[in-house]
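Subject: A two-chain model for you

Hello,

Here is the structure I promised to pass on. Please open it alongside this note, and then read on for what turned up in it.

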Amino acid sequence: MTKGKKILAHAVLILASFLSVFPLYYMLCGATNTSIDVVRGKLIPGTYLVENFKSLVANQNLGLAMANSFRNAILMTLITLLVCSIAGYGFEIYHDKAKDALMSVLLLAMMLPFVAIMIPLFKMMSHWGLVNSWAAFVLPSISTPFMIMLFRQASRSFPNDIIEAARLDGLSEIGIFFRMFVPIMRSTYGAAMTVTFMNAWNSYLWPKVVFQSNASITMPMLVANLKSGYSVDYGMLMLGVLICTLPTAIIFLCLQKSFANGITGAVK
Amino acid sequence: MKKKGLNMEQKRSLTGWAFLLPAALLIFVFCFYPMVQALILSFQKGTGSAVQPAGFANYVRILKDATFQQCLFNTIFYFVIQVPIMLILALILAQLLNSPNIKGKGIYRTMIFLPCATSLVSYSMIFKSLFANDGLVNRVLSTVGIPTVDWFQNAWAARWVIVIALVWRWTGYNMVFYLAGLQNIDYSIYEAARIDGASPLQQFVHLTIPLLKPTILLTAIMSTSGTLQLFDESVNLTAGGPGKATMTLTHYIYNISFVETPKFNYAAALSVFILVVVAVLSAIQMKVGDKRD
């Protein structure tokens, strides 16, 4: 690569990086400034963070939304990982024609837009008396073809020798899964965990449908509430956005590689 | 002679079924069954004990629904404009980040990928504030002497805000797919092409795009399905406005199901329509993707 081309490449990448990060920097500054300053576009951190926090807490039940969001996302992640990993393992390790056929049927579910099944799902949840419960949030998204595929692909690289040796040692089939597969596949679990947690945390449409009482409010719903009313307090809004983004941003920055492997993993 | 009970193979096969059954059942109960229900709903009218067959009445109604046509237009606009811009940008960035002698690749990648960490509601709020009437974008415009735009009062401006926001949120996401794809390609192909005198543009068009075709196809299908299901941005960034100029199909279906007096049957017909569109567009993309083999 010649020098000129290199400079051009860097210029493009710097511009793209700047544009990607700038709105987040704007959010950070906004959370520490007054509403007027945010709208004016003040781009240096201010001293209004505590006031913004006070008005946010006075305005919305922040603790409740945080607790709900963490509970929903953690339960969703744990159950999804268990159900989908054992299914992916079952599909691959014990595969035969019937199981492969079932997998291709399940893959069709990837094509279904959520909005197409939303109304019957809502009717189902209200029929079962589950509206406003975490179960209603979790149930429809526990099992996804994507996650099953991710673990099915991972099982492909699980050495058959280990299975045979474990069987000779008298380990049961389920024992092999929990004692051999799970520890060896830590990185796949890491990737699946990151993706599932972030999706669960950020989910908005389905919670908006199924969480109808104020007691079941989640963080994205809280952020959406902040913009209603006659005048928007942008400082408070940006602080809400920041708080809602922090958990996923921390996970993202720590487990970036995992996340990238998670979203691209099932398609390799 | 037949053995009594199950032999080892059969036992293991059954174990496999037991392992995958919970996941498979969940998909049938919470995906396929509701889809069938939606289909049935779309051919009915009335609620509770007054349910009656409606034939194609709900579908006929779609054709005469002006709001639906507006939302369909908006959704198609986002699809036709935003998806190509985003995918081409993502391809270019991935190509740049894949060249071996660029320093600081890790930092660039992290920064460009970072928007993925924000929830759709959160980034909608950030862009709402950036593009507010007296917000930062208009301030910058007026400083450099360009007339300001009333972003959320002007239908086309508001649509472009949504497109810009979507490109910001999803370019890095797609770039990661392309980077994963490019890493499977031996870089010496590019060296050889350069020795043969291929320009960077020629390398991009004749090497990168054909080699990444499966990945491009995948991202195109994901983006198609994602665009047709846009909701969070339409609700929180523009509230569907001005009027209904930026409202998406999913936003409209949500409104007629849960905001106005519920019209579940009609909403079900609309959602079946979206399903068909997603399926047809994905099929077309796969056909086109297969052709140039």
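Two residues are in contact if their C-beta atoms, placed from the backbone, lie within 7 Å. By that rule, residues 24 or more positions apart account for 77% of the contacts in chain A with a separation of 6 or more.

A word on conventions before the rest. This is a predicted model, in which local features need pLDDT of at least 70 and side-chain atom pairs count only at pLDDT 80 or more, while totals for chains, interfaces and linings use all residues. Residues are numbered from 1 along each chain as its sequence is written, and chains are lettered from A and ligands numbered from 1 in the order in which they are written.

The two chains

Chain A has 15 helices and zero strands; helices (H or I, at least four residues) and strands (E, at least two) are DSSP runs, numbered from the N terminus. Its C-alpha trace spans about 70 × 65 × 35 Å along the principal axes of chain A. Of the 268 residues in chain A, 46% count as buried. A residue is buried if 20 or more other C-beta atoms lie within 10 Å of its own, exposed if 12 or fewer, and partly exposed in between, with C-beta atoms placed from the backbone.

Chain B has 13 helices and two strands. The radius of gyration of chain B (taken over C-alpha atoms) is 24 Å, well over the 19 Å that the globule rule gives for 293 residues, so chain B is more spread out than a compact globule. That rule is 2.2 Å times the number of residues to the power 0.38. Along its principal axes, the C-alpha trace of chain B spans about 75 × 65 × 35 Å. In chain B, 41% of the 293 residues count as buried, and residues 24 or more positions apart account for 71% of the contacts with a separation of 6 or more.

Helix α5 (residues 120-130) of chain B is worth a look: 11 of its 11 residues are buried, so this helix is largely enclosed by the rest of the structure. Among the buried residues of α5(B) are Y123(B), F127(B) and K128(B).

Where the chains meet

The contact between them takes 71 residues from chain A and 75 residues from chain B. On the chain B side, the largest share, 19 residues, comes from helix α1 (residues 8-42) of chain B. That side of chain B has 50 nonpolar, 20 polar and five charged residues. Here Ala, Val, Leu, Ile, Met, Phe, Trp, Tyr, Cys and Pro count as nonpolar, Asp, Glu, Lys and Arg as charged, and the others, Gly among them, as polar.

Helix α6 (residues 114-127) of chain A packs with α1(B) at an angle of about 100°, their axes 8 Å apart. Axes are lines fitted to C-alpha atoms, for helices over the stretch in contact, and angles run from 0 to 180 degrees between N-to-C directions. The angle makes α6(A) roughly perpendicular to α1(B) (under 35 degrees counts as roughly parallel, over 145 as roughly antiparallel, 65 to 115 as roughly perpendicular and the rest as oblique). Residues making this contact include I117(A), P120(A) and M124(A) of α6(A) and F30(B), P34(B) and L41(B) of α1(B). By class, the contact has 12 nonpolar residues, one polar and no charged.

Inside chain A

Helix α3 (residues 49-59) and helix α14 (residues 234-254) of chain A pack at about 80°, with axes 9 Å apart. That makes α3(A) roughly perpendicular to α14(A). F53(A) and L56(A) of α3(A) are among the residues in this contact, as are M236(A) and L239(A) of α14(A). The contact of α3(A) with α14(A) divides into four nonpolar, five polar and no charged residues.

K42(A) lies in the loop between α2 (35-40) and α3 of chain A. With 17 other C-beta atoms within 10 Å, K42(A) is partly exposed. Leaving aside neighbours within four places in sequence, K42(A) is in contact with C29(A), N33(A) and D37(A).

N132(A), in the loop between α6 and α7 (134-138) of chain A, has a phi near 75°, a positive value in a residue other than glycine.

Enjoy exploring!
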